[in-house]
Amino acid sequence: EGKQKSPRLVDLIQDQDRAGWRSLTDWVSPAGEVILEEEQTIQFHALDKSLSYVIDFDWGLRAPNGAVKIGRHDYGGLAVRMPFDPRHTHLNSNGEQNKATANKKASWCDVSRPFGNQMYGMAVFDHPSNSGHPATWRVDDQGLINPSPSLQGDWTIEAGRTRRFHYRILVHEGERDARFFDN
C-alpha cells in the first residue's frame, strides 16, 4: 500500500475575475518510488450572474518511471457531490434524468437540489479532448456525479507520458433544462 505526498502549491492565480492554483502531488509506492506525478490546476471564474460561477479543473497524471495501469473501477478522478437532500435531481446531455443518468455516456451531467425555496446545482462538462469522451458517469442517490475514466475499462499511462483530463463545473442558481447547458 502506497501513499500520496502532501500537495505542493506551485502557482497562485488571482486577478479581477478569477482565482486559482496549481498543485503537484507524488503517488509513492511502499518501496518509496514515485509511481505517478499528479498535477491539478483549478481556476474559479466569476460570471455575470451573482450566484453563478465556473470552475475549470485540469488534471494530469504522469508516469515518470514506468507504465502505470489504472484498473476498471466504478469511480475515480473528478467527482462533485451536493449536500444530501432526497429531493436532488440529475440531468445529462442526453436528456436522461435521475437514475437513468447512471453509467451512461454523456457530454455533461448536472446535479441540483433545493436550498430553502431556491434550486441550486452543479453541472460538470467533459471536454471533447478527454480520452473516452463523452465520459461514462458514476451517479448515485446521494447527489454525486463523477465523469469516471475508469468506468469505461482499464487504461494505461505510458512511461514518461502524461494523461490529461479537462473539466468545467458550472455552479448555478435556478432550475435548468438541457437547452441551458448546450448554449
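## D140: a buried loop residue

D140 is buried, with a relative accessible area of 15%. Buried means under 20% relative accessible area, exposed over 50%, and partly exposed in between, with a 1.4 Å probe and protein chains only. D140 sits in the loop between β12 (135-139) and β13 (144-147). Strands (E, at least two residues) and helices (H or I, at least four) are DSSP runs, numbered from the N terminus.

The D140 side chain reaches two backbone nitrogens: that of Q142 at 2.8 Å and that of L144 at 3.0 Å. A polar contact is a pair of N or O atoms within 3.5 Å; within protein, one must be able to donate a hydrogen and the other to accept it, and residues adjacent in sequence count only if both atoms are side-chain atoms. Leaving aside neighbours within four places in sequence, D140 is in contact with R81, H88 and H90. Contact means heavy atoms within 4.5 Å.

## Basis of the model

This is a predicted model: local features need pLDDT of at least 70, side-chain atom pairs count only at pLDDT 80 or more, and totals for chains, interfaces and linings use all residues. Residues are numbered from 1 along each chain as its sequence is written, and side-chain values use heavy atoms, with hydrogens and water left out.

## Aromatic pairs

The count comes to six aromatic pairs. Rings of Phe, Tyr and Trp (its six-membered ring) pair if their centres lie within 6.5 Å; planes under 30 degrees apart count as stacked, over 60 as edge-to-face and the rest as tilted. W21 and F44 make a tilted pair, 5.8 Å centre to centre with 40° between the planes. W21 lies in strand β3 (residues 18-28) and F44 in strand β4 (residues 34-46), so the pair ties together parts that are 23 residues apart in sequence. W21 is partly exposed at 31% relative accessibility. F44 is partly exposed too, at 30%.

W155 and F165 pair edge-to-face, at 5.5 Å between centres and 75° between planes. This pair links distant parts of the chain: W155 is in strand β14 (residues 155-157) and F165 in strand β15 (residues 162-173), ten residues apart. Both W155 and F165 are buried.

## Cluster and charge

W21, F44 and Y53 form one aromatic cluster. Elsewhere, R113 lies over the face of F115, 3.8 Å from the ring centre. A charge sits over a ring if NZ of Lys or CZ of Arg is within 6 Å of the ring centre and within 35 degrees of the ring normal.

## Confidence

Mean pLDDT for the chain is 92, and 95% of its residues reach 70 or more. pLDDT is the predictor's confidence in each residue, from 0 to 100. Confidence is lowest in helix α1 (residues 178-181), at a mean of 60, and highest in strand β9 (residues 105-106), at 97. Where pLDDT is low, the predicted coordinates should not be read in detail.
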